[in-house]
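Welcome to this tour! Open your viewer, keep the selection tool handy, and follow along stop by stop.

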Amino acid sequence: MASLKFSVSVDTYDSNKFHFSVNPSLPIINSFARVKPINLSRLEAESWDTSDSNSVVDNIKTWNKDSGSENLILESSNFRNDIWRRFQGVKRVRRRDPNSKFRSIRNDNGHEEQKSVNHFDDEIDVNEYGIGPELSVERCNAILKGLERCSDSKTMKFFEWMRENGKLEGNVSAYNLALRVLGRRGDWDAAETMIWEMNGDSDCQVNFQVYNTLIYACYKQGHVELGTKWFRLMLENGVRPNVATFGMVMSLYQKGWNVADSEYAFSQMRSFGITCQSAYSAMITIYTRMSLYDKAEEVIDFIQEDKVILNLENWLVLLNAYSQQGKLQEAERVLFSMQNAGFSPNIVAYNMLITGYGKASNMDAAQHIFRNLKNVGLEPDESTYRSMIEGWGRAENYKEAEWYYNELKRLGFKPNSSNLYTMINLQAKYADGEDAARTLDDMKRIGCQYSSVLGTLLQAYERAGRIDRVPLILKGSFYEYVLVNQTSCSILVMAYVKHCLVDDAIKVLQEKQWKDTIFEDNLYHLVICSCKELGRLENAVKIYSQMPNKKPNLHIMCTMIDIYSTLGRFSDAENLYLKLKSSEISLDMIAFSIVVRMYVKSGSLKDACSVLETMDEQKNIVPDIYLFCDMLRIYQQCGMLDKLQDLYYRILKTGVTWDSEMYNCVINCCARALPVDELSRLFDEMLLHGFAPNTITLNVMLDVYGKSRLFKKARKVLWLARKRGLVDVISYNTIIAAYGQSKDLKKMLSTVRQMQFNGFSVSLEVYNCMLDSYGKEGQIESFRSVLRRMKESSCVSDHYTYNIMINIYGEQGWIEEVANVLTELKESGLGPDLCSYNTLIKAYGIAGMVEDAVVLVKEMRETGIQPDRITYINLINALRKNDEFLEAVKWSLWMKQMGL
């Protein structure tokens, strides 16, 4: 067979490169960095089973069961204890000269041969080293093991060579080495395929070591989901996990605080009758971190039930679990039991107690523990002082917190971010600016970002209600940094504006050292908008007046137009609009909306219409639903029915999405501009889409249907209004007036009674409607009955009431009654209005009192009431009826001269 060419490279084996990451957020885990290595009971009891019988190195023992690391091995008597690990047990490696150019390769006779490392680095004929089809499986495994330590690619290449030459049948060791490489590479699909391949080989017994190899790779890389996958696949294939399996899986779940999967793994461990001390610790730690204290105590009960021999880690986890939930008596009993179990006093344990008492706001007990540390042979460490600072911080005792903070620094320790946060919050409440400035220096010294420090400072003084102290604290280099950093400058300015420190905000804006026109405009706009949202409009005006003179900004000026409008400073708002209009800036839809509303607020509807015409000239402007509603209201108030009709059909063409407000607005504004059929269709469409009409819309539809004599639809609308609780007095007034105008007096009276039955008092409008209807139909008795009911109900007459009475009495020729009504009108303090005079002139004409009618015209002018076209028509008709034709012609010519 042709010889196999193979290049091998062996790296120096360094035991220090294998380490385990530790989550610094856990008090329990952190504590182990300060615990001296001791021989824990589980390190002796939880050892791995040996590799399969085909292993070429008889004296190789696999690493500790609870570790899960393929690199933590005991090679021979020349190995020594190199690193103590909290979870992983003991790691032993071969000590050799790092400068040596030789490594040992065991030959077929079991003797070691020294091969030059340099030879492995070159492409050589492997037959020189006896590599060929006749090579034994043990020798192949030894070579594969050496390659696995130095080159993943060469390992897999040699593994494939072994496959081609039949060296993998029943060879679990070779598969395990290949799985190590695939795990490091993260090639999980290939790993799964390889496991299925092993299961297909009847001589290949897949045991826990195979799955542990992959689970360990997931643990090292932090792949929680993949680790869960291999663990569950292991169980599905009927492979019994060992202690190391559960140690790695639970440690992996602890990293990700995975409660559900950790509970499943823990229950499986107990069902197998396996005792893994680190698994109990991990489960309690997860529950404690997630504040599931009841479940944590259940696991503590399992420890007693399962008769677990506690190691130092277990004791500390128990102590932490009780301390975190404030059960300090139980925590002290744990500490006492821990010492009775033979564990010497531990500063980590006492720190946990101090932290627990601090969280429980029992600083007297925490202080007592701190002072008695020396009595038990311990010295406070960095964590001790940090815990005392946090405790006194929670107790709001700045004096004590400051003392421990200064001691911490005096002893050469560094405060952590939590200590600094606590101190700055206490100083914001109880100290002057100098103390806070020193804390800021400490924050910068430990590497905190300036923006983070500034945010912490502002939050602290904002909570303390002393934000006005911040300008006195921000000095020197820190303030200089704020001036050159856009983000920090923005944060500070916004904080000042929020608390009405406008002068300080303006000062920062004027002294800033950065130049970015776009960012500056956005910042000014944000500041002005903040003032507007806070209701401090004068502050917004002040900031705007201090802006540097430069090219107009559309967004800022539009916001200021809105602010000026709210303040009633319409001339200033209009000036800004004219300035925008004269510039090269094109207004957008929002800008036009703001300007239109400004003119509407000022009562200048004509100017608002002019702005709308300007907007229509820009073909690219498509109004939104809110601007459409504004346009509808403006055209309605201006009585521009043609504009309303055109706008309505324009809205339909735009395809804008209609909502409840849009339907209500269109119906209310276009009631006089659209045909009744279109309004009816629109109203039905609104109900079909599930939108609720408001009271005004219902009343408008009542009026439309009533005037169109569509009383069936009108009654349906009234029923709908009653059903939805939207019916009001105007609803009844509208439909009663419709019945009256259509001379359906029976239904008019029936509706009045229904109005009273539903709890509404008869309104003046209803009385006026009945008077007008009965009077015009000649039902004088009913007319007088209504007048009596009005007086009995103390309903005060208005101009319309008196005018109806004058008209009815005048039509009957009852001039005395007309005179009495006129006297009553004058005595009421109202006095005749234009309609009253017109009605009197008509009545005098019917009664033949032409001269009196002419006198009324003169009286109108004397009282400041300008006669209108109806006045002259009534007078001319009166003159003609009384054969005063010449006088009638004179008044007719007068009308033409007046343009009437």
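D852 sits in helix α46, which covers residues 850-862. Helices here are DSSP runs of H or I with at least four residues, strands are E runs of at least two, and both are numbered from the N terminus.

## Step back

You are looking at a predicted model, where local features need pLDDT of at least 70, side-chain atom pairs count only at pLDDT 80 or more, and totals for chains, interfaces and linings use all residues. Residues are numbered from 1 along each chain as its sequence is written, and side-chain values use heavy atoms, leaving out hydrogens and water.

Show the whole chain as a cartoon: it has 48 helices and 6 strands. Of its 900 residues, 50% are buried.

## Salt bridges

Side chains of opposite charge can pair when their charged atoms come close. The structure holds 34 salt bridges, each a side-chain nitrogen of Lys or Arg within 4 Å of a carboxyl oxygen of Asp or Glu.

Select E148 and R180, whose side chains meet in a salt bridge at 3.7 Å, N to O. E148 lies in helix α4 (residues 137-150) and R180 in helix α6 (residues 172-185), so this pair ties together parts 32 residues apart in sequence. Are these two residues buried or exposed? Both E148 and R180 are buried.

Next, pick K295 and E263, which form a salt bridge at 3.1 Å, N to O. K295 belongs to helix α13 (residues 293-305) and E263 to helix α11 (residues 259-271), so the pair ties together parts 32 residues apart in sequence.

Finish with D630 and R597, paired in a salt bridge at 2.7 Å, N to O. D630 is buried, because its relative accessible area is 14%, whereas R597 is partly exposed at 39%.

Definitions and conventions. Buried < 20%, exposed > 50% of the residue type's maximum accessible area, 1.4 Å probe, protein only.
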